[in-house]
Amino acid sequence: MSDTPKSHGRLSVSASLKPRELITDRPRFAGVWTAKVITLFPAAFPGVLGESLTGRALKDGLWGLDPIDLRPFGEGRHRNVDDTPAGGGAGMVLRADVLARAIDMAQAGVPQDRTKWPIIYMSPRGKPLTQAMAHRFAAGAGMTILCGRFEGVDERVLEEYQIEEVSLGDFVLTGGEIAAQAMLDATVRLLPGVLGNETSTEEESFSAGLLEHPQYTRPASWRGREIPEVLTSGHHGKIAKWRREMSEKITKDRRPDLWKALQNAFKSDDSSKG
């Protein structure tokens, strides 16, 4: 048997800024979209992302996940990661120097262009996550996500690293891990080969600025409720028209803000052509 070491093939090997014990021993595939997640709870990942299509895609190397434990970057014997807010107040704030060490390690060897590799902080004061945002993230090479805890993070870190704040909505969670998984799910499913059927992402909610039309399947009759006749007609033109009308109706009723934005976009396009 030869003692010659085997080629790493698709595996990528990169230098670390930290001792080996501070790194999760997880192989990464070269050239695939990768998420690096800085968190105090690395065991929370992949979580639900390890199930179903995203989990299969992760196992097959269609995307990569690298949870980074923030605790080893902490200060002193007890690896403290936070301190009291400047100016007083309740709670604790994640320290700038601690976060910087973790971010510097995470960013080693990845594109520094934020359009190709953004750094995201999950925050209730951030811009709301949208389908367009997920498409933008999926079009890059990967992303680094900072999961906050306590009262948040030192503002200077957000400024220094040009970190983009993203929110799931107008509510507060105990930490950013659940929000990060939701954002990753929305993004990873858009990567080539993850869903298998690429056309499904073109017809779902928000892809055309509208909410999705109702869906039906067998049985044709259930508890006195029938599948709309047009869907069983085989007339593709009528089916497409019905689906569009239903999407518009549902959007008007449930999300008038989306409907208004869509109408304003149409007016803007018309005025630019005039």
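Me: How many helices and strands are in the chain?
Reply: The model is a predicted one, and its chain has 274 residues, of which 39% count as buried. As for its elements, the chain contains eight helices and 11 strands.

Me: What share of the contacts with a separation of 6 or more comes from residues 24 or more positions apart?
Reply: The contacts in question are those in the chain between residues with a separation of 6 or more. Within that set, the share that comes from residues 24 or more positions apart is 72%.

Me: Which element gives the most to the lining of the largest pocket?
Reply: The largest pocket has a volume of about 410 Å³. Two elements give two or more residues to its lining, namely β9 (164-167) and β7 (119-128). With five residues, the element that gives the most is β7.

Me: Into which classes do the residues of the lining of the largest pocket divide?
Reply: The lining of the largest pocket consists of 25 residues, and those nearest the centre are Tyr121, Met122, Ser123, Pro124 and Val172. By class, the lining residues divide into five charged, eight polar and 12 nonpolar.

Me: Why do the buried residues of helix α1 lie on the same side?
Reply: In helix α1, residues 52-59, the buried positions are Thr54, Gly55, Ala57 and Leu58. An α-helix has 3.6 residues a turn, so residues three or four places apart point the same way.

Me: Is Thr54 buried or exposed, and which residues does Thr54 touch?
Reply: Thr54 belongs to helix α1. Its relative accessible area is 6%, and a residue under 20% is buried, so Thr54 is buried. Leaving out residues up to four places away in sequence, Thr54 touches Val48, Leu49, Trp63, Asp185 and Val188.

Me: Which residue with a positive phi follows α1?
Reply: The phi of the residue in question is near 80 degrees. The residue that follows α1 is Gly61.

Me: What is the phi of Phe150, and what is the phi of Gln162?
Reply: Phe150 is in the loop between β8 (142-146) and α4 (155-160), and at 43% relative accessibility Phe150 is partly exposed. Gln162 is in the loop between α4 and β9, and with a relative accessible area of 57% Gln162 is exposed. Neither residue is a glycine, yet phi is positive: near 60 degrees for Phe150 and about 50 degrees for Gln162.

Me: How far apart in space are Pro128 and Ser167?
Reply: Pro128 is in strand β7 and is exposed, at 56% relative accessibility. Apart from residues up to four places away in sequence, Pro128 touches Met133 and Ser167. Pro128 and Ser167 are 39 residues apart in sequence, but in space their C-alpha atoms are apart by 4.8 Å.

Me: With which residues is Leu168 in contact?
Reply: Leu168 is in the loop between β9 and α5, and its relative accessible area of 35% makes Leu168 partly exposed. Setting aside neighbours within four places in sequence, Leu168 is in contact with Leu129, Ala179 and Ala182.

Key: Residues are numbered from 1 along each chain as its sequence is written. This is a predicted model: local features need pLDDT of at least 70, side-chain atom pairs count only at pLDDT 80 or more; totals for chains, interfaces and linings use all residues. Side-chain values use heavy atoms; hydrogens and water are left out. Helices (H or I, at least four residues) and strands (E, at least two) are DSSP runs, numbered from the N terminus. Buried means under 20% relative accessible area, exposed over 50%, partly exposed in between (1.4 Å probe, protein chains only). Contact means heavy atoms within 4.5 Å. On a 1 Å grid over the protein atoms alone, a cavity is a set of points where a 1.4 Å probe fits but cannot get out, and a pocket is an open set with protein on both sides within 12 Å along at least five of seven lines; lining residues have an atom within 4 Å of a point. Grid points are joined across faces, edges and corners, and a volume is the space filled by probe spheres set on the points. Ala, Val, Leu, Ile, Met, Phe, Trp, Tyr, Cys and Pro count as nonpolar, Asp, Glu, Lys and Arg as charged, and the others, Gly among them, as polar.
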